[in-house]
Amino acid sequence: MRLTPRTSRLAAAVAATVAAGAVITVATSADAAAGCRVTYSVTSQWPGGFGANINVDNLGDPLTSWKLTWSFTAGQTVQQLWNGTATQSGAQVSVVNAAWNGGLATGARVSVGFNGSWNNASNPLPTDFALNGVVCNGPVTTTAPVTSRAVTSAAPTSRPPTSAVVTSRPPTSAVVTSAGPTTSTTGVFNQVNTPSRVRAAGAAAQFNWPGVYFEGRFRGTGVGLILNDSNNDYEVRIDGAVVATIVTPGQSTYWVNNLSNAEHTVRLGKRTESPWSVGEFGGLVPAAGGAILSTPAARTRQIEFIGDSWTAGYGNMSTTRDCTSNGGLTRNSNANQTFGAITARGLNADYQIQAWSGLGMVRNYGGQNTGTQFRDYYDKDLMALYNSAVWQNPGTWKPQVVVVGLGINDFSTSLTAGEKWATMDALVADYKTAYLAFITKLRAQYGANTYIILTYPDLSYQTTAFATSIQSIVATRNAAGDSRVKALYYDNNALGLDLMGCDWHPSQHDEQLLASTLTSFIGTLPLSW
């Protein structure tokens with residue numbers, strides 16, 4: 001199976017040129033008298049398509065198999081679904097369990113995700129959810145999507161993202177581009193917690209690794225997020241639910257309003273790659289009558305993800321391998337929805353993502369940019385920015401698990417004339433030497449107790465050198481007494497990866513499967529975290 005006919009991967013990581021598209025998140029939740037509860041959310045939306053997630057809680061007797069049904073009301077269709085098998089007849093959709101998730105205990109939850117199509121005019125909530133014929137949630141409230149407004153000194157050139165989470169009132173969001181502070185009055189680091197590689201810039205934080213995130217707490221009916229970034233896209237979560245995608249905000253304060261007047265959590269996560277440009281977060285602003293609360297506690301579990309485009313989330317929100325007509329690469333990439341981020345959230349772990357599409361351990365994709373590899377940037381706080389420096393670990397980043405995925409770019413394309421290596425054997429020798437040195441570096445940074453997992457997918461269509469190299473590296477470390485270096489093979493066909501992301505990259509379907517595989521593997525390790 002092909003992994004990637006990529007083009008210009010090194011330069012593709014950065015530009016965010018797509019106009020802001022609508023993203024609507026809706027959710028309903030109510031105890032069902034007959035034993036089930038459904039929470040439906042639209043996690044992303046683009047012209048003609050959308051992604052959605054459905055959580056089903058079994059409030060009745062244990063089940064050995066299940067069938068979830070619902071009806072669309074505006075012509076939507078399910079195009080691709082994971083964690084089950086879907087059929088659709090007109091508006092009626094039926095999803096039956098996969099082979100591995102049919103058992104559903106009392107109080108247990110199963111999640112189903114899918115990508116669908118819509119008419120670009122209306123994408124209302126489905127109705128009449130039922131589990132094995134039992135109606136869930138009672139009547140489903142079909143609240144119309146909330147349209148956001150832009151407050152500017154001049155007419156906006158594109159519509160800002162929209163978002164909604166159904167609580168007591170649907171929240172609204174607005175982008176303020178002409179007014180508001182450039183940083184919070186107390187400083188961003190007094191308001192939020194972040195495990196990510198960031199640099200203080202006065203009262204603000206600068207960053208550019210993919211997947212950087214900040215978490216805070218506030219009380220009140222709304223919160224503003226102060227941003228200065230014309231290149232990247234962001235994901236906003238309130239109380240754990242995605243409520244907005246912010247597309248290249250520039251210097252602005254992005255507001256989420258009309259929440260219940262209570263305590264809330266807020267999470268801002270960077271979706272995109274930008275090795276040569278920096279984003280800046282100035283902190284939080286409470287709505288009138290509200291307050292920013294003390295920072296949430298850091299999690300005790302920590303995982304670091306190191307890799308290339310598979311780790312960065314390259315094109316993982318797309319449902320087609322050709323992304324020239326569905327918003328482009330940047331709009332279809334989301335580091336917050338990678339297998340790493342999904343795994344960490346599922347394990348209640350903080351995480352870092354150090355990843356750069358197209359770079360390899362010793363050789364980049366297609367032999368490009370010779371003399372520069374991922375290892376040259378791994379230590380940096382701001383990747384390839386002109387003033388990037390070695391990141392200074394504040395002493396709080398001590399991951400119990402490090403997951404490394406480097407080698408696809410080294411081995412997925414044939415050697416060409418003029419490259420350093422005349423033969424595959426020569427490339428393998430350099431790769432193994434560099435990888436072993438990199439593991440030694442990680443071991444020195446994090447100590448002898450950290451588990452280091454080397455991951456590799458199937459590249460047998462091109463070469464078996466990748467797989468045999470990883471196995472040899474692990475065997476060498478184990479023979480030297482380092483038993484906490486492990487290998488994890490992603491069997492593309494056995495897992496059912498469709499690689500429907502941009503340029504043959506993992507899709508959302510695949511990210512879920514990879515996360516499940518990695519989570520299960522981590523579960524076999526004798527961790528005391």
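Which helix holds Asn-409? I looked this up in a predicted model and found Asn-409 in helix H4, which covers residues 408-411.

**Entry: Asn-409**

I then looked for a partner of the side chain. The side chain of Asn-409 comes to 2.8 Å from the backbone oxygen of Leu-359.

**Entry: Leu-59**

I moved on to Leu-59 and asked where it sits. I placed Leu-59 in the loop that runs between strand S2 (49-58) and strand S3 (67-71). For Leu-59 I noted a relative accessibility of 34%.

**Entry: second largest pocket**

I turned to the second largest pocket and noted a volume of about 380 Å³. How many residues line this pocket? I have 17 in the lining, and those nearest the centre are Thr-194, Pro-195, Ser-196, Pro-394 and Thr-396. I looked for strands that contribute to the lining. Strand S12 (192-193) and strand S13 (199-201) each give at least two residues to it. Last, I sorted the lining by class: nine residues are nonpolar, six are polar and two are charged.

Definitions and conventions
Residues numbered from 1 in each chain as written. Predicted model: local features only at pLDDT ≥ 70, side-chain atom pairs only at ≥ 80, totals over all residues. Heavy atoms only, no water. 1 Å grid on protein atoms, 1.4 Å probe; cavity = no way out; pocket = protein on both sides within 12 Å on 5 of 7 lines; lining within 4 Å. Points joined across faces, edges and corners; volume = space filled by probe spheres on them. Helix = DSSP H or I, 4+ residues; strand = E, 2+ residues; numbered from the N terminus. Nonpolar A, V, L, I, M, F, W, Y, C, P; charged D, E, K, R; others polar. Buried < 20%, exposed > 50% of the residue type's maximum accessible area, 1.4 Å probe, protein only. Polar contact = N/O pair within 3.5 Å; in protein donor to acceptor, adjacent residues only side chain to side chain.
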